[in-house]
Amino acid sequence: MKIIKIKDEYITLGQFLKFAGCVSSGIDAKIVIKDGLVLVNGEVESRRGKKLRRDDMIEFDGETFVIG
């Protein structure tokens, strides 16, 4: 599990995937989210603009991340 620290109140799911290095571009983020490959707090999330806040858990490609 990797802890990803953010300095703002929240980060969107699309921004998070790029920030954490899971994808290389916004279009890649859009595709993996649309394809149902990203879990937020244990549930499939289909909204790229989903606001992630501290303690949210993101799962993608066999890795788990927590917003710190």
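Two strands pair if DSSP finds at least two bridges between them, and strands (E, at least two residues) and helices (H or I, at least four) are DSSP runs numbered from the N terminus. The model is predicted, so local features need pLDDT of at least 70 and side-chain atom pairs count only at pLDDT 80 or more, while totals for chains, interfaces and linings use all residues. Residues are numbered from 1 along each chain as its sequence is written, and side-chain values use heavy atoms, with hydrogens and water left out.

**Exercise 1.** Describe how S6 and S7 are joined and paired.

*Solution.* Begin with the pairing, which is antiparallel and runs over four bridges. Next, look at the connection: the two strands form a hairpin with two residues between them, and Asp 61 in the turn has a positive phi of about 55°.

**Exercise 2.** Classify the one aromatic pair of the structure.

*Solution.* Rings of Phe, Tyr and Trp (its six-membered ring) pair if their centres lie within 6.5 Å, and planes under 30 degrees apart count as stacked, over 60 as edge-to-face and the rest as tilted. The ring centres of Phe 16 and Phe 65 are 5.6 Å apart and their planes stand at 80°, so this pair is edge-to-face. Because Phe 16 lies in helix H1 (residues 13-19) and Phe 65 in strand S7 (residues 63-67), the pair ties together parts that are 49 residues apart in sequence.
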